[in-house]
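Here are some notes to read alongside the structure.

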Amino acid sequence: MTNQKINLDATMAEMGIDDYASLTDVERRATVRDLFKARSGIYIPTAAETPAMKAARPKRGSHAPGTFWYYNNWDFNVLGEIYQRVTRRHA
């Protein structure tokens, strides 16, 4: 088995990450590190979002990547996708 490494400074654009609600140019600049820190600035609804989470979620474009902490399921869902792409391991 080889060791696959994820570049924490890779951007969403470099990782080929997008969404049904396409990422903006600013959101594409968020890094893997930003996702881990819950500071991506990407505020797209997720399937398991509760009404309270929806009400608390900041507006898209309100914070640049890396500048504002907000726990966002989208960030952690995408981290799982990145892990699967890099390691070629699927759940």
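1. This is a predicted model. The count of salt bridges in it comes to six. The next points take up some of them.

2. Arg-60 and Glu-27 form a salt bridge through their side chains, with N and O 2.4 Å apart. This pair links distant parts of the chain, since Arg-60 sits in the loop between α3 and α4 (73-87) and Glu-27 in the loop between α1 (12-15) and α2, 33 residues apart. Arg-60 counts as partly exposed because its relative accessibility is 35%. Glu-27, with a relative accessible area of 3%, is buried.

3. Arg-85 and Glu-81 also meet in a salt bridge, at 2.8 Å from N to O. Both residues belong to helix α4 and are four residues apart, about one turn of the helix. Arg-85 is partly exposed at 38% relative accessibility, and Glu-81 is partly exposed at 32%. Elsewhere, salt bridges with shared partners join Asp-18, Asp-25 and Arg-28 into one network.

4. Arg-28 has 25% relative accessibility and counts as partly exposed. Asp-25 is exposed, because its 57% relative accessibility is over the 50% cut-off.

5. Which charged residue is buried yet has no salt bridge? It is Asp-34, which lies in helix α2. The nearest side chain of opposite charge is that of Lys-37, 6.3 Å away; a salt bridge needs the nitrogen within 4 Å of a carboxyl oxygen. Neighbours within four places in sequence aside, Asp-34 is in contact with Arg-39, Ser-40, Pro-65, Gly-66 and Asp-75.

6. Gly-41 is in the loop between α2 (32-36) and α3 (51-56). Is this residue buried or exposed? Gly-41 is buried, because its relative accessible area is 4%, under the 20% cut-off. Not counting residues up to four places away in sequence, Gly-41 touches Glu-27, His-63 and Pro-65. Its C-alpha atom is 8.1 Å from that of Tyr-70, 29 residues apart along the chain.

7. The protein chain as a whole has four helices and zero strands. Its radius of gyration is 13 Å, close to the 12 Å that the globule rule gives for 91 residues, so the chain is as compact as a globular protein of that length. Buried residues make up 33% of the chain. Of the contacts between residues at least 6 apart in sequence, 60% join residues at least 24 apart.

8. The chain carries 13 positive and 10 negative side chains, and the centres of these two sets are 3 Å apart.

How values were computed:
Residues are numbered from 1 along each chain as its sequence is written. This is a predicted model: local features need pLDDT of at least 70, side-chain atom pairs count only at pLDDT 80 or more; totals for chains, interfaces and linings use all residues. Side-chain values use heavy atoms; hydrogens and water are left out. Helices (H or I, at least four residues) and strands (E, at least two) are DSSP runs, numbered from the N terminus. Buried means under 20% relative accessible area, exposed over 50%, partly exposed in between (1.4 Å probe, protein chains only). Contact means heavy atoms within 4.5 Å. The radius of gyration is taken over C-alpha atoms; the globule rule is 2.2 Å times the number of residues to the power 0.38. Lys and Arg count as positive and Asp and Glu as negative; His and the chain ends are not counted. The place of a charge is taken as NZ of Lys, CZ of Arg, CG of Asp or CD of Glu.
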